[in-house]
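Thanks, everyone. I will go through one model today, starting with its open space and then moving to helix packing and backbone geometry.

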Amino acid sequence: MRPPTRLIVSGTDTGIGKTVFSAALTAALGAHYWKPVQSGLDGPESDSETVARLGAVPAERILPEAYRLTEPLSPHRAAELDGVTIDPARLAPPAHQALVIEGAGGLMVPITRHLLAIDLFARWNLPVILCARTALGTINHTLLSVEALRARGIALHGIAFIGEDMPDTIATIAEFSGARVLGRLPHLDPLTPDALATAFVAGISL
(Lines give C-alpha, C1' and ligand atoms only; values in the text may rest on other atoms or scores of the structure.)
Protein backbone atom coordinates (compact mmCIF):
# COMPACT_ATOMS: atom_id res chain seq x y z
CA MET A 1 0.00 0.00 0.00
CA ARG A 2 1.38 3.39 -0.99
CA PRO A 3 1.72 5.86 1.89
CA PRO A 4 -0.37 9.01 1.76
CA THR A 5 1.41 12.00 0.28
CA ARG A 6 -0.53 14.68 2.16
CA LEU A 7 0.42 14.38 5.80
CA ILE A 8 0.42 16.36 9.02
CA VAL A 9 3.45 15.98 11.29
CA SER A 10 2.72 16.65 14.93
CA GLY A 11 4.33 15.67 18.19
CA THR A 12 3.72 14.66 21.75
CA ASP A 13 5.62 17.75 22.89
CA THR A 14 7.69 20.64 21.61
CA GLY A 15 11.38 20.30 20.83
CA ILE A 16 11.31 16.56 20.18
CA GLY A 17 12.71 16.67 16.65
CA LYS A 18 9.62 16.83 14.47
CA THR A 19 11.17 19.54 12.26
CA VAL A 20 14.13 17.26 11.55
CA PHE A 21 11.70 14.42 10.85
CA SER A 22 9.65 16.73 8.61
CA ALA A 23 12.77 17.60 6.63
CA ALA A 24 13.51 13.94 5.96
CA LEU A 25 9.87 13.16 5.20
CA THR A 26 9.52 16.07 2.78
CA ALA A 27 12.65 14.97 0.94
CA ALA A 28 11.57 11.31 0.85
CA LEU A 29 8.14 12.15 -0.59
CA GLY A 30 9.38 14.86 -2.94
CA ALA A 31 6.71 16.96 -1.27
CA HIS A 32 6.04 20.61 -0.59
CA TYR A 33 6.49 21.73 3.03
CA TRP A 34 4.23 24.12 4.92
CA LYS A 35 4.48 25.45 8.45
CA PRO A 36 1.17 27.32 8.92
CA VAL A 37 2.26 29.30 11.99
CA GLN A 38 5.90 29.94 12.86
CA SER A 39 6.70 31.45 16.22
CA GLY A 40 10.15 32.16 17.61
CA LEU A 41 11.55 34.12 14.67
CA ASP A 42 14.20 35.64 16.93
CA GLY A 43 15.98 32.25 16.82
CA PRO A 44 18.85 31.43 14.47
CA GLU A 45 16.69 29.62 11.90
CA SER A 46 13.00 29.15 11.16
CA ASP A 47 11.54 25.66 10.80
CA SER A 48 11.09 26.25 7.07
CA GLU A 49 14.77 27.16 6.74
CA THR A 50 15.76 24.06 8.73
CA VAL A 51 13.67 21.83 6.48
CA ALA A 52 15.12 23.42 3.36
CA ARG A 53 18.67 22.93 4.64
CA LEU A 54 18.45 19.45 6.17
CA GLY A 55 16.13 18.03 3.53
CA ALA A 56 17.88 19.73 0.63
CA VAL A 57 14.39 20.85 -0.37
CA PRO A 58 14.30 23.38 -3.23
CA ALA A 59 13.05 26.85 -2.34
CA GLU A 60 9.98 26.50 -4.58
CA ARG A 61 8.76 23.57 -2.45
CA ILE A 62 8.99 25.54 0.80
CA LEU A 63 5.65 27.32 1.09
CA PRO A 64 5.40 30.63 2.97
CA GLU A 65 3.96 30.56 6.46
CA ALA A 66 0.53 32.09 6.98
CA TYR A 67 1.82 33.75 10.15
CA ARG A 68 5.36 34.57 11.28
CA LEU A 69 5.59 35.49 14.95
CA THR A 70 8.53 36.78 16.94
CA GLU A 71 8.42 35.16 20.38
CA PRO A 72 9.18 31.45 20.99
CA LEU A 73 5.80 30.86 22.59
CA SER A 74 2.54 29.12 21.81
CA PRO A 75 1.04 30.73 18.68
CA HIS A 76 -1.90 32.25 20.54
CA ARG A 77 0.35 34.13 22.94
CA ALA A 78 3.07 34.97 20.42
CA ALA A 79 0.40 36.49 18.18
CA GLU A 80 -0.98 38.59 21.03
CA LEU A 81 2.47 39.95 21.86
CA ASP A 82 3.05 40.82 18.19
CA GLY A 83 -0.35 42.50 17.92
CA VAL A 84 -1.48 39.94 15.36
CA THR A 85 -4.92 38.32 15.09
CA ILE A 86 -4.73 34.81 13.68
CA ASP A 87 -7.58 34.11 11.28
CA PRO A 88 -8.24 30.35 11.07
CA ALA A 89 -9.63 30.85 7.55
CA ARG A 90 -6.07 31.58 6.41
CA LEU A 91 -4.93 28.21 7.74
CA ALA A 92 -6.30 26.00 4.96
CA PRO A 93 -3.82 23.50 3.48
CA PRO A 94 -2.50 24.38 0.02
CA ALA A 95 -3.74 22.10 -2.75
CA HIS A 96 -0.46 20.40 -3.59
CA GLN A 97 -0.66 16.68 -4.29
CA ALA A 98 2.36 15.96 -2.09
CA LEU A 99 2.40 18.07 1.06
CA VAL A 100 3.94 17.86 4.52
CA ILE A 101 2.36 20.17 7.09
CA GLU A 102 4.25 20.66 10.34
CA GLY A 103 2.18 21.67 13.32
CA ALA A 104 3.32 23.94 16.13
CA GLY A 105 4.42 22.06 19.24
CA GLY A 106 2.07 19.31 20.40
CA LEU A 107 -1.53 18.50 19.59
CA MET A 108 -3.08 20.66 22.29
CA VAL A 109 -1.15 23.84 21.52
CA PRO A 110 -3.52 26.83 21.26
CA ILE A 111 -3.48 28.52 17.86
CA THR A 112 -5.91 31.17 19.13
CA ARG A 113 -7.76 31.61 22.40
CA HIS A 114 -10.55 29.46 20.93
CA LEU A 115 -8.77 26.98 18.67
CA LEU A 116 -6.30 24.17 19.39
CA ALA A 117 -3.91 22.70 16.83
CA ILE A 118 -5.75 19.38 16.99
CA ASP A 119 -9.00 21.13 16.06
CA LEU A 120 -7.35 22.44 12.91
CA PHE A 121 -6.17 18.93 12.07
CA ALA A 122 -9.72 17.63 12.42
CA ARG A 123 -10.95 20.30 9.98
CA TRP A 124 -8.26 19.44 7.45
CA ASN A 125 -9.16 15.74 7.43
CA LEU A 126 -5.59 14.63 6.68
CA PRO A 127 -3.70 11.76 8.33
CA VAL A 128 -1.24 12.56 11.10
CA ILE A 129 2.21 11.19 11.80
CA LEU A 130 2.81 11.52 15.52
CA CYS A 131 6.45 12.09 16.49
CA ALA A 132 7.30 10.82 19.98
CA ARG A 133 10.39 10.77 22.15
CA THR A 134 11.87 7.50 23.30
CA ALA A 135 12.91 9.08 26.63
CA LEU A 136 11.27 8.62 30.03
CA GLY A 137 7.67 9.84 30.12
CA THR A 138 6.92 9.09 26.50
CA ILE A 139 4.50 6.23 27.21
CA ASN A 140 2.09 8.55 29.01
CA HIS A 141 2.47 11.44 26.55
CA THR A 142 2.14 9.25 23.48
CA LEU A 143 -0.87 7.25 24.64
CA LEU A 144 -2.66 10.45 25.63
CA SER A 145 -1.90 11.96 22.21
CA VAL A 146 -3.22 8.88 20.41
CA GLU A 147 -6.44 9.00 22.44
CA ALA A 148 -6.88 12.69 21.67
CA LEU A 149 -6.53 12.08 17.92
CA ARG A 150 -9.01 9.21 18.00
CA ALA A 151 -11.51 11.19 20.08
CA ARG A 152 -11.68 13.72 17.23
CA GLY A 153 -11.82 11.12 14.48
CA ILE A 154 -8.40 12.07 13.09
CA ALA A 155 -6.61 9.35 11.13
CA LEU A 156 -3.29 8.36 12.70
CA HIS A 157 -0.96 7.15 9.96
CA GLY A 158 1.56 6.00 12.55
CA ILE A 159 4.02 6.89 15.28
CA ALA A 160 7.60 7.86 14.49
CA PHE A 161 9.96 7.61 17.46
CA ILE A 162 12.93 9.93 17.82
CA GLY A 163 15.90 9.24 20.07
CA GLU A 164 17.83 6.31 21.49
CA ASP A 165 16.57 2.81 20.89
CA MET A 166 14.19 1.76 23.68
CA PRO A 167 12.60 -1.47 22.39
CA ASP A 168 10.39 -2.15 25.41
CA THR A 169 9.05 1.41 25.49
CA ILE A 170 8.23 1.30 21.78
CA ALA A 171 6.61 -2.12 22.07
CA THR A 172 4.56 -1.04 25.08
CA ILE A 173 3.19 2.00 23.27
CA ALA A 174 2.37 -0.10 20.21
CA GLU A 175 0.58 -2.72 22.31
CA PHE A 176 -1.54 -0.31 24.32
CA SER A 177 -2.35 2.05 21.44
CA GLY A 178 -2.70 -0.44 18.61
CA ALA A 179 -1.08 2.20 16.41
CA ARG A 180 1.32 1.48 13.56
CA VAL A 181 4.96 2.10 14.47
CA LEU A 182 6.74 3.68 11.52
CA GLY A 183 10.17 3.22 13.05
CA ARG A 184 12.77 5.27 14.85
CA LEU A 185 14.98 8.17 13.85
CA PRO A 186 18.08 8.40 16.07
CA HIS A 187 19.67 11.63 17.21
CA LEU A 188 22.45 12.35 14.73
CA ASP A 189 25.81 13.97 15.39
CA PRO A 190 26.75 15.52 13.08
CA LEU A 191 23.28 16.27 11.73
CA THR A 192 23.81 16.68 8.00
CA PRO A 193 21.47 16.24 5.02
CA ASP A 194 23.24 13.04 3.95
CA ALA A 195 23.25 11.57 7.45
CA LEU A 196 19.57 12.39 7.91
CA ALA A 197 18.54 10.89 4.58
CA THR A 198 20.48 7.71 5.33
CA ALA A 199 19.02 7.37 8.84
CA PHE A 200 15.48 8.01 7.59
CA VAL A 201 15.70 5.29 4.94
CA ALA A 202 17.22 2.87 7.45
CA GLY A 203 14.88 3.61 10.35
CA ILE A 204 11.50 4.74 9.00
CA SER A 205 9.01 2.77 6.91
CA LEU A 206 6.03 4.83 5.79
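The largest pocket has 38 residues in its lining, and those nearest its centre are Thr14, Gly15, Ile16, Gly17 and Thr19. Keep in mind that this is a predicted model. The space in that pocket comes to about 720 Å³. As for where the lining comes from, H1, strand E3 (37-38) and E6 each contribute at least two residues to the largest pocket. Sorted by class, the lining of the largest pocket has 16 nonpolar, 13 polar and nine charged residues.

Rolling a probe the size of a water molecule over the atoms shows where empty space is left. How many cavities of 30 Å³ or more are there? The count is one. The volume of the largest cavity is about 70 Å³. Its lining is made up of Pro36, Val37, Leu91, Glu102, Gly103, Ala104, Ile111, Ala117, Leu120, Phe121 and Trp124. Strand E6 (99-106) and helix H4 (117-124) are the elements that give two or more residues to this lining. H4 has the largest share, with four residues. By class, the lining of the largest cavity has nine nonpolar residues, one polar and one charged.

Helix H1 covers residues 18-29 and helix H2 covers residues 47-54; they pack at an angle of about 50 degrees, and their axes are 8 Å apart. That angle makes H1 oblique to H2. Their crossing is right-handed. On the H1 side the contact is made by Thr19, Val20, Ser22, Ala23 and Thr26, and on the H2 side by Asp47, Thr50, Val51 and Leu54. The residues of this contact divide into four nonpolar, four polar and one charged. Helix H5 runs over residues 138-151 and helix H6 over residues 167-177, with a packing angle of about 30 degrees and axes 10 Å apart. How do these two helices lie relative to each other? With angles under 35 degrees counted as roughly parallel, H5 and H6 are therefore roughly parallel to each other. The crossing of H5 and H6 is right-handed. From H5, the residues in contact are Thr138, Ile139, Thr142, Leu143, Val146 and Arg150, and they meet Thr169, Thr172, Ile173, Phe176 and Ser177 of H6. By class, this contact has five nonpolar residues, five polar and one charged.

Last, two points on the backbone. Most residues other than glycine have a negative phi, and most peptide bonds are trans. Ala56 is not a glycine, yet its phi is positive, at about 50 degrees. Where does Ala56 lie? Ala56 is in the loop between H2 and strand E4 (62-63). The peptide bond from Asp189 to Pro190 is cis, and its omega is near 5 degrees. Pro190 is in the loop between strand E11 (181-185) and helix H7 (193-203).

That is the end of my list, and I can go back to any of these sites.

Key: Residues are numbered from 1 along each chain as its sequence is written. This is a predicted model: local features need pLDDT of at least 70, side-chain atom pairs count only at pLDDT 80 or more; totals for chains, interfaces and linings use all residues. Side-chain values use heavy atoms; hydrogens and water are left out. Axes are lines fitted to C-alpha atoms, for helices over the stretch in contact, and angles run from 0 to 180 degrees between N-to-C directions. Angles under 35 degrees count as roughly parallel, over 145 as roughly antiparallel, 65 to 115 as roughly perpendicular and the rest as oblique. A crossing is left-handed if the near helix is turned anticlockwise from the far one by less than a right angle, and right-handed if clockwise. Contact means heavy atoms within 4.5 Å. Ala, Val, Leu, Ile, Met, Phe, Trp, Tyr, Cys and Pro count as nonpolar, Asp, Glu, Lys and Arg as charged, and the others, Gly among them, as polar. On a 1 Å grid over the protein atoms alone, a cavity is a set of points where a 1.4 Å probe fits but cannot get out, and a pocket is an open set with protein on both sides within 12 Å along at least five of seven lines; lining residues have an atom within 4 Å of a point. Grid points are joined across faces, edges and corners, and a volume is the space filled by probe spheres set on the points.
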